[in-house]
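Here is a brief report on a multi-chain model. Start with the structure itself, then read on for loops, helices and interfaces.

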Amino acid sequence: MFDYQFFIEVLVGGLLSGVMYSLVAIGFVLIYKTSGVLNFAQGAMLLFAALTFVSLAERGVPFWLALGTTLVIMVALGVAIERTVLRPLVNQSPMTLFMATLGLSYVIEGAAQLLWGTQVHGLNLGIDDVPFELGGVLISQFDLFAAAIAGALVTAFALFFRFTRTGLAFRAVADDQFAALAIGLRLPRVWAAVWTAAGIVALVAGLLWGARLGVQFSLSLVVLKALPVLVLGGFDSVTGAIVGGVLIGAIEKLAEVYVGPFFGGGIEAWAAYVVALGFLLVRPSGLFGQKLVERV
Amino acid sequence: MTRPARSIAAGWLTPSYLAPAILLIVAYGVVPFAGSDYLLDAMLTPFLALALAALGLNLLTGYAGQVSLGSAAFLAVGAYAAYNFNLRLHELPFLVSLVAAGLVAAAIGMVFGLPSLRLRGFYLAVSTLAAQFFVQWALTKFEWFSNNNPSGVIDAPPLSVAGLTFSGAAGRYLFSLTVVAVVTLLAIRLLRLQVGRNFIALRDHETAAKVLGVPLLRTKLLAFGVSSFIIGIAGVLWAFAYLRTVEPAGFNLDRSFEILFIIIIGGLASIRGAFLGAAFMVVFPLLLSRLGAALLGDVFDSGVLEMSQRIVIGALIIGLLIAEPRGLIALVDRLAERVLRRSPRWFRRSTQF
Amino acid sequence: MRLSRSLRAAALAAAIGLSAALPAHADEQFFPLQSYRVGPYAAGGTGFFGGFIDYLNLINIRDGGVGGVKLAWEEGETQYEVERGVEVYDRLKNHPGVAAWNPLSVGIAYAMIDRITKDKVPLITINHGRTDSTDGRVFPYVFPLLLNPYSETSGIVNYIASREGGADKLKSKKIVVLYHGSPYGKETIPIYKLLADKYGFSLEQIEVPHPGNEQQSQWLSIRRAKPDYVVLRGWGVMNPVALKTAQKVGFPVDHIIGNVWSNSEEDVIPAGDAAKGYVAITTQASGAEYPVLQEIIKTVYGQGKGNLDDKKRIGSVYHNLGIVNGILNVEAIRIAQRKFGQRTLTGDEVRWGFEHLQLDPARVQALGAKGLFHSINVTWDNHEGDGRVTFQQWDGTKWKVVSDWIAPDWAFLRPIIEKSAAAYAAEHNTKVRTSDETPVSQ
């Protein structure tokens, strides 16, 4: 006898968890799309943002002021990274850039802990996480809230890129860097804007994940959850990041509950990769990624 | 590798083999007697194991252009395979176990290399993470691999080959040195064969290589296989000569990144780069921490020092990449050239290898 | 000529004076510390090593050392990584007067067993480590003091039984064990099975993959299974996430019982209100009201020599574990000094001290630790020393003890431990000691 109610519960829980993965993945996509960098420091930035916010809040700074201050710091960090790391490395191979962001994550993690200490913190965003039932299916209030925030964030970015000059420049750069350069767009300015955006995403994701896990070193590990999402959705598609995240979340949970028992459980860690890979064998550039054209 | 090809027999006699020969003589003749246990056990043996792993990854990434983030998984496969061969087939000589472990790693590497047939770049890199997570999971999950040890930990038996027992810090170092020297030599030979040229063609332009008749499928899988074989052997050294007690958690993603760091910092597509990079990654943090403790140990507690070191290492990596994206080896070559311009001709020739 | 000769003589005298001054610390017992103050587990490391150092400082300042022998230590950062732990070991092992190693890391401890056995220096794995090293006949130098993973398991089941009103009441109950997907997490799987057979409760064991920052599917499965208790065998970030997700699926938090690596402030604070009412096992109570802690606050922190940056953490779970660890190490040295004399002891002599580390409740009280921990009774063949456990409940700001000192079922576990130790001895060709007097060899 198949328990449909339970199935739906797992599915819904997975979809909502997936939104949290999307949130991290979007930070990757923004930067990859414009500069071809797989920014592994996204996790460290997320940790840095959450730790800064929590430390300010614990020192008695009111919520909105702490949020504002952290935002300013993240923007400054984003611009500083662009200036000191990315600009000197322009035109280097993607691998070199990837390694540079790994080095960057060392710097940010070290700095975050040096500044704020290694203590773990609780983070309360003021949303009760008591579940409610909808037709016998358990739904988490916090997850719904997180999904709403993620939705708002994506909408805001979409509007920004649609209706502002910087947004237009961003899209031009994403489409064709050289053409954008040829018509006189200033790439560094666009990159600075993108790193700022990535900083904001890191802040939002850091706060939401921080509220779920507590603010501590392990927060930087959530990037690993975003990687299969990127493979599935495409490294250069915001839509892909969202759809991919939700799909990965659902698949992961369903696999763990229904397939896991045959292997003794704990398959979540790699199940997402296997599914994403299987999909890629059919479509090598992901759900929404740009198709590569080969020339000799 | 930039020299014009010449016959091997003649190659052996030229002075261009002088520098590595001198290095080997020092490594065999002086280091084991002059070096302290600490130098051998805590620095040189892990350096050798990591350098070999980096060499393996460099064949795949540097020469054949396929990025992998799963190196630590193949280290683990090598270590656990050798352990099980040794445990379950007592009569098997250790060297056979060693090679067999490399072959198992090669087979697993080829399986996880399959996606390379359709994917490239970061898509491929991220999909090799599947190997990373799957292998760690399997080694933890199935207790058979660790001989039902409740903690999944394996204790390596003492090293002995043909009646010779390599015990003590010097013995383990010499064993590692020999394995690394032999495998490195084989790798250099391989790169000079058609296979090696196919690797480079594949890296430089896949479609063009195909047009020129390079068998893409075979070459890619071979690159994964050879690379994993070498990394697997490095895993045996890591487990049997260096740590001697390993658990699956030791072969985590950080280790994979470390190996990737080594080849990028050292220099892609360079045998010497793997060694230089490994020396940097193993020795430099130790030196930095000792220096920090000696100079500032009284002022700050060890936590502050350690975090500052993390920042310094990260910044240094970025700085290096900016200063010389082609790695330490390019830096060293430039430096050597400047020095050599003012030295006699025979000496100049003897140092390029 | 004469001038230069007298200069040379002066230089020589200075050199001799210097070299005489250098090894001036004649009698000193050294603790190499493989601490971790950075990285994912830094919070636990700073607490534990902070407490350990605080207690060693107290002994030096208040008593001038142990029997006139000063205690010394040096830290080497490991970040909880085995390779770094081994590097620190190689670096510090030749320091004169090494008393014992205290890594507080399962991985590092495992990597050191062969090494310290060869060097004949004790390895202390308080509350953790290799279960079968309890058998001192096979592992002469390894001491999983107070508690090993098996007795922890038995202690937890005994506690649940006491809450239900007796072991016979367990029959109709269902327990889910949620374990970390690592060798550490899986170590107790067979013991839970054995205890389920013995007491007749039904059992389900569910794995959470490392690092455990997503547990939706596991907790939905738990919700479906409707257990009476969930035992949390967690690690790091897995613990707060488990508590939060439990709240999300509506599982009552006071029916979640944490194991010894899920019992600290760091495990509950990130979970916020979701942790209120959570119960966890411990071998040492938390809080600063015990005389020994008061003395540390007065003597050590009063002189500005306290190790914790944040004084609010004095009396936290890891800090108190470090202090208890300090007490056990110092008492082992004291006991060994009674036999071997008041001087710097060799590692092997300290081992003898640990093998006679018997602190009854009266002695514990005399040490100012009454209520902090119960007692210990280490013998040559029982290296755990029958530590009692107690259970503490988180009230949102601090831990409160909610049970008596409970004894695990040692007699039931001993044969299993001996069997495992015998297998180890066979695999490693280790000679099994047959009495206290058997000379220790490899």
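## A loop residue in chain C

Gln79(C) sits in the loop of chain C that runs between strand 2 (70-77) and helix 3 (82-92). Helices here are DSSP runs of H or I with at least four residues, strands are runs of E with at least two, and both are numbered from the N terminus. Gln79(C) is not a glycine, yet its phi is positive, at about 55°. Gln79(C) counts as partly exposed because it has 19 C-beta neighbours inside 10 Å. The cut-offs are these: buried takes 20 or more other C-beta atoms within 10 Å of the residue's own, exposed takes 12 or fewer, and partly exposed lies in between, with C-beta atoms placed from the backbone.

The model is predicted: local features need pLDDT of at least 70, side-chain atom pairs count only at pLDDT 80 or more, and totals for chains, interfaces and linings use all residues. Residues are numbered from 1 along each chain as its sequence is written, while chains are lettered from A and ligands numbered from 1 in the order in which they are written.

## Other backbone features

Chain C also holds a cis peptide bond, from His210(C) to Pro211(C), with omega near 0°. Pro211(C) belongs to the loop between strand 6 (202-208) and helix 8 (216-225) of chain C.

In chain B, Asn147(B) has a positive phi near 55° and is a residue other than glycine. Its loop joins helix 8 (129-141) to strand 1 (154-155) of chain B. Asn147(B) is partly exposed, with 15 other C-beta atoms within 10 Å.

## Chain B overall

Chain B has 17 helices and 4 strands. Along the principal axes, the C-alpha atoms of chain B fill a box of roughly 60 × 60 × 45 Å.

Of the 353 residues of chain B, 51% are buried. Take the contacts in chain B between residues at least 6 apart in sequence: 77% of them join residues at least 24 apart. A contact means that two C-beta atoms, placed from the backbone, lie within 7 Å.

## Gly196(B)

Gly196(B) is part of helix 10 (residues 194-204) of chain B. Gly196(B) is partly exposed, with 19 other C-beta atoms within 10 Å. Leaving out residues up to four places away in sequence, Gly196(B) touches Tyr63(B), Leu190(B) and Leu191(B).

## Two crossing helices

How do helix 14 and helix 15 of chain B cross? The axes of helix 14 (residues 271-296) and helix 15 (residues 302-323) of chain B come within 10 Å and cross at roughly 135°. That makes helix 14 of chain B oblique to helix 15 of chain B. Axes are lines fitted to C-alpha atoms, for helices over the stretch in contact, and angles run from 0 to 180 degrees between N-to-C directions. Under 35 degrees is roughly parallel, over 145 roughly antiparallel, 65 to 115 roughly perpendicular, and the rest oblique.

Helix 14 of chain B brings Pro285(B), Leu288(B), Ser289(B), Gly292(B), Ala293(B) and Leu296(B) to the contact, and helix 15 of chain B brings Leu305(B), Ser308(B), Gln309(B), Val312(B) and Ile313(B). These residues divide into 7 nonpolar, 4 polar and no charged. Nonpolar covers Ala, Val, Leu, Ile, Met, Phe, Trp, Tyr, Cys and Pro; charged covers Asp, Glu, Lys and Arg; the others, Gly among them, are polar.

## Where the chains meet

In the contact of chain A with chain B, 37 residues of chain A are in contact with 35 residues of chain B. Helix 4 of chain A gives the largest share of the chain A side, 15 residues. By class, that side has 27 nonpolar, 8 polar and 2 charged residues.

## An enclosed helix

Helix 9 of chain A has 10 of its 11 residues buried, so it is largely enclosed by the rest of the structure. Its cover includes helix 7 (121-127) and helix 8 of chain B. Just after helix 9 of chain A, Gly234(A) takes a positive phi of about 95°.
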